[in-house]
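The sequence and structure are shown first.

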Amino acid sequence: MMFLERDQAKNEVDLGWWGLIDRLLVALPDNVRIKAIKQKWGVLRITLDNNADEKLLDLVRELETESCTICEFCGKTGEIRGATGLRFVHPAFGQSGVFG
């Protein structure tokens, strides 16, 4: 199985969610590896290996829930948008995630 290196974690999401990824990386012990970080249906999804304890999994759930309030692109308060795929974006962005 492939794992993400810490320095690759932010490459998996847009700039607006980087602060959430930073919070994960600060709390991530050396013995826990990142399986996946992605956006799915407008929500941040983080998958860790089996070494993650309950406290770390609670943080992951918190970050995923918080992503439902943050624009993926700019980090400001956002809302679900998208005709062809859901994204969580600030109202200044159009349906496709570009300023409209």
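## Nonpolar core

A nonpolar core is a set of buried Ala, Val, Leu, Ile, Met, Phe, Trp, Tyr and Cys residues joined through side-chain atoms within 4.5 Å; buried means under 20% relative accessible area, exposed over 50%, and partly exposed in between, with a 1.4 Å probe and protein chains only. The model is predicted: local features need pLDDT of at least 70, side-chain atom pairs count only at pLDDT 80 or more, and totals for chains, interfaces and linings use all residues. Residues are numbered from 1 along each chain as its sequence is written, and side-chain values use heavy atoms, with hydrogens and water left out.

The largest nonpolar core comprises 21 residues, and Ile37 and Leu48 have the most contacts inside it. Two or more residues come from each of helix H1 (18-27), E1, E2 and helix H2 (54-66); helices (H or I, at least four residues) and strands (E, at least two) are DSSP runs, numbered from the N terminus. Beyond its neighbours within four places in sequence, Leu48 is in contact (heavy atoms within 4.5 Å) with Leu28, Val32, Arg33, Ile34, Lys35, Leu56 and Val60.

## Antiparallel hairpin

Strands E1 (residues 34-40) and E2 (residues 43-48) run antiparallel and are joined by 6 bridges; two strands pair if DSSP finds at least two bridges between them. Ile34 stands opposite Leu48, and Ala36 opposite Thr47. The hairpin has 2 residues between the strands, and Trp41 takes a positive phi near 55°.

## Cys68

Cys68 lies in the loop between H2 and strand E3 (79-81). Cys68 counts as partly exposed because its relative accessibility is 30%. The C-alpha atoms of Cys68 and Gly78 are 7.9 Å apart, with the residues 10 apart in sequence.
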